[in-house]
Amino acid sequence: MSPIAFDTLDDRALAEQFSAGDERALREAYARWSPLVFRLALRSLGDRTDAEDVTQQVYLAAWRGRGTFDVSRSTLSAWIVGITKHRIADAHEARARSRRLEESLVAEASVAVAAADDDFAERAMVAEELGRLEPVPRRVMQLAFYDQLSHSQIAEAMGLPIGTVKSHVRRSLSRLRSRWEVEDGPRRA
């Protein structure tokens with residue numbers, strides 16, 4: 001039996017050897033069509049590293065899927081180009097997913113920082129003003145503002161009628177509003 005010179009095989013004979021699992025056919029297929037695969041990937045993706053990755057993935061997928069390749073239905077080069085198109089599409093989808101994730105994380109980080117800054121400043125101002133209230137209204141406002149309890153939950157927690165809780169909240173808010181309006185007044189003028 002004479003050794004096969006793979007570089008002299010026509011495409012159909014090479015495809016048959018490839019499909020049969022001869023690794024020398026894989027090397028020859030890579031030598032023949034990997035420049036085409038790389039150019040297609042580079043043209044679509046615009047990045048040499050990504051194009052190299054796609055080229056590697058195409059040949060890995062072709063080799064692993066060689067059992068599904070039917071020599072009677074397609075040429076090996078057309079089959080490899082078909083795999084290339086799918087891998088390029090996968091690379092674009094991975095980029096899109098990565099971009100969406102990055103945008104989502106940036107948006108969340110921006111909102112979280114802004115909310116934290118606003119929240120901190122607001123809490124500091126409210127804490128200062130709450131310190132000026134009588135003990136019962138201060139506790140009512142702390143439960144409403146910091147613990148975010150409803151009026152009925154505050155009433156139950158403090159053993160007060162709900163009308164009293166509402167009155168404390170209304171009067172305290174009115175005092176806070178009046179103080180802040182007075183304090184903001186001279187700065188605006």
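Visitor: Which residues do ring pairs link into a cluster?
Guide: Phe18, Trp63, Phe69 and Trp79 are the members of that cluster. Rings of Phe, Tyr and Trp (its six-membered ring) pair if their centres lie within 6.5 Å; planes under 30 degrees apart count as stacked, over 60 as edge-to-face and the rest as tilted. This is a predicted model, where local features need pLDDT of at least 70 and side-chain atom pairs count only at pLDDT 80 or more, while totals for chains, interfaces and linings use all residues. Residues are numbered from 1 along each chain as its sequence is written, and side-chain values use heavy atoms, with hydrogens and water left out.

Visitor: How many aromatic pairs are there in the whole structure?
Guide: The search finds four. Start with Phe18 and Trp79, an edge-to-face pair. Their centres are 6.4 Å apart, and the angle between the planes is 70°. Phe18 sits in helix α1 (residues 11-20), and Trp79 sits in helix α4 (residues 76-130). The pair therefore ties together parts that are 61 residues apart in sequence.

Visitor: Are Phe18 and Trp79 buried or exposed?
Guide: Buried means under 20% relative accessible area, exposed over 50%, partly exposed in between (1.4 Å probe, protein chains only). Phe18 has a relative accessible area of 0%, so Phe18 is buried. Trp79 counts as buried too, at 18% relative accessibility.

Visitor: Which type of pair do Phe69 and Trp79 form?
Guide: Phe69 and Trp79 form a tilted pair. The centres are 4.9 Å apart, with 40° between the planes. Phe69 lies in the loop between α3 and α4, and Trp79 lies in helix α4, so this pair ties together parts that are ten residues apart in sequence. Phe69 counts as buried, at 5% relative accessibility.

Visitor: How many helices and strands does the protein chain have?
Guide: The protein chain has seven helices and zero strands. Helices (H or I, at least four residues) and strands (E, at least two) are DSSP runs, numbered from the N terminus. Along the sequence the pattern reads α-α-α-α-α-α-α. Of the chain's 189 residues, 28% count as buried.

Visitor: At what angle do α2 and α3 pack?
Guide: Axes are lines fitted to C-alpha atoms, for helices over the stretch in contact, and angles run from 0 to 180 degrees between N-to-C directions. Helix α2 (residues 23-45) and helix α3 (residues 48-64) pack at about 140°. Their axes are 8 Å apart. Contact means heavy atoms within 4.5 Å. On the α2 side, the contact includes Tyr30, Trp33 and Phe38. On the α3 side, Thr55, Tyr59 and Trp63 are among the residues. By class, the contact of α2 with α3 has 14 nonpolar, two polar and four charged residues.

Visitor: What does Thr55 touch?
Guide: Leave out residues up to four places away in sequence, and Thr55 touches Tyr30, Ser34, Val37 and Phe38. Thr55 lies in helix α3. Its relative accessible area is 4%, so Thr55 is buried.

Visitor: How far apart are the axes of α5 and α6?
Guide: Their axes are 10 Å apart. Helix α5 (residues 135-145) and helix α6 (residues 151-158) pack at about 130°. That makes α5 oblique to α6. Angles under 35 degrees count as roughly parallel, over 145 as roughly antiparallel, 65 to 115 as roughly perpendicular and the rest as oblique.

How values were computed:
Ala, Val, Leu, Ile, Met, Phe, Trp, Tyr, Cys and Pro count as nonpolar, Asp, Glu, Lys and Arg as charged, and the others, Gly among them, as polar.
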